[in-house]
Amino acid sequence: METFGARLHRAVAERGPLCVGIDPHPGLLADWGLPDDVDGLERFCRTVVEAIGDRVAVVKPQSAFFERFGSRGVAVLESTIRQLRNVGALVLLDVKRGDIGSTVRAYASAYLDPSSSLYVDAITASPYLGVGSLAPMVETAAAHGGGVFVLALTSNPEGAAVQRAVGADGRTVAQAVIDEISQLNRGAEPLGSFGLVVGATIGETGHDLGGVNGPLLAPGLGAQGGTPAGLRAVFGAALPSVLPSYSREVLGAGPDQAALRAAAERVLAECRAALTTAGLTDGSVTLR
């Protein structure tokens, strides 16, 4: 069984280092001239998949924007996941789940077990009940070749109060999370399957990301103010492991499919240029 880290490494080598979010919030549906209902949601997602699903390495649906429509919205999410798989994109479901015991095990079954209709390649998770509480997710991902991206250093201003708090051992909470995820990836080749979420807009952090040996998802690029050129300040020597993530910067070009493709190609070229200019990769830009 191929691991998520190996699949991601290959996908980035073939398609480039780019993750595009599917975030169908009401304002974006309105900008596309679509109704704020399940039919508008389905048309939006189908258009995005047809435009870029066969071109980008990773697509990241935000589950909340589907869940707000209840069971019919979740059915659209299930369909979108299937469509993305059919065109060869890796699916990272942005759910930020975190709990303990049987509850987190149920989340793991919902998203990381192939028998589920919501099965995806990887999910996002919150570690603030303790990284150890995510063990069922880690175990299920490992059993089925999946991945988990754990929140570490986020760009929302409220996050710093928790993430940069210093524990008894002198490490910040974020560094403790980083270190535990690094342990999960120890010895993995060509890339570990357990990643971190680090905001693209937070600047130099003073945290050590160099030993993670897994993917570093960098949301916040484009409309939220982050730039490819700014990634080096955030990630330093860990830059080759970064998976840049865009949403509105690409989605705002719709509903024209050609315009969506052009927007994705433009930001991918910008990411390639920034990573190459940093002197840390060659022109192919592969995660390692």
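Two rings of Phe, Tyr or Trp count as a pair when their centres lie within 6.5 Å. With that in hand, here are some close-ups of this predicted model.

View 1. Searching the whole structure turns up two aromatic pairs. In one of them, the ring centres of Phe4 and Phe149 are 6.0 Å apart and the planes meet at 80°, so this pair is edge-to-face. Phe4 belongs to helix 1 (residues 4-15) and Phe149 to strand 5, which puts the partners 145 residues apart in the chain. Both Phe4 and Phe149 are buried.

**View 2. The tilted pair of Trp32 and Phe44.** Here the rings sit 4.2 Å centre to centre, with 35° between the planes. Trp32 comes from the loop between helix 2 (26-31) and helix 3, while Phe44 lies in helix 3, twelve residues apart. Trp32 has 7% relative accessibility and therefore counts as buried; Phe44, at 0%, counts as buried too.

**View 3. The largest nonpolar core.** This core holds 74 residues, and Phe44, Leu196 and Phe235 touch the most other members. Helix 3 (residues 38-52) is its top contributor, giving eight residues. Apart from this core lies another, of 16 residues, including Phe4, Leu90, Leu92 and Leu243.

**View 4. Around Leu196.** Beyond its neighbours within four places in sequence, Leu196 is in contact with several residues, among them Phe149, Val177, Ile178, Ile181 and Leu209.

**View 5. Helix 9 and its cover.** Helix 9 (residues 173-184) spans 17 Å from first C-alpha to last, close to the expected 16 Å. Its buried residues include Ala174, Val177, Ile178 and Ile181. Strand 5 (147-153), helix 8 (160-163) and strand 6 (194-198) are among the elements covering the buried residues of helix 9.

Methods:
Residues are numbered from 1 along each chain as its sequence is written. This is a predicted model: local features need pLDDT of at least 70, side-chain atom pairs count only at pLDDT 80 or more; totals for chains, interfaces and linings use all residues. Side-chain values use heavy atoms; hydrogens and water are left out. A nonpolar core is a set of buried Ala, Val, Leu, Ile, Met, Phe, Trp, Tyr and Cys residues joined through side-chain atoms within 4.5 Å. Buried means under 20% relative accessible area, exposed over 50%, partly exposed in between (1.4 Å probe, protein chains only). Helices (H or I, at least four residues) and strands (E, at least two) are DSSP runs, numbered from the N terminus. Contact means heavy atoms within 4.5 Å. The expected span of a helix is 1.5 Å times one less than its number of residues. Rings of Phe, Tyr and Trp (its six-membered ring) pair if their centres lie within 6.5 Å; planes under 30 degrees apart count as stacked, over 60 as edge-to-face and the rest as tilted.
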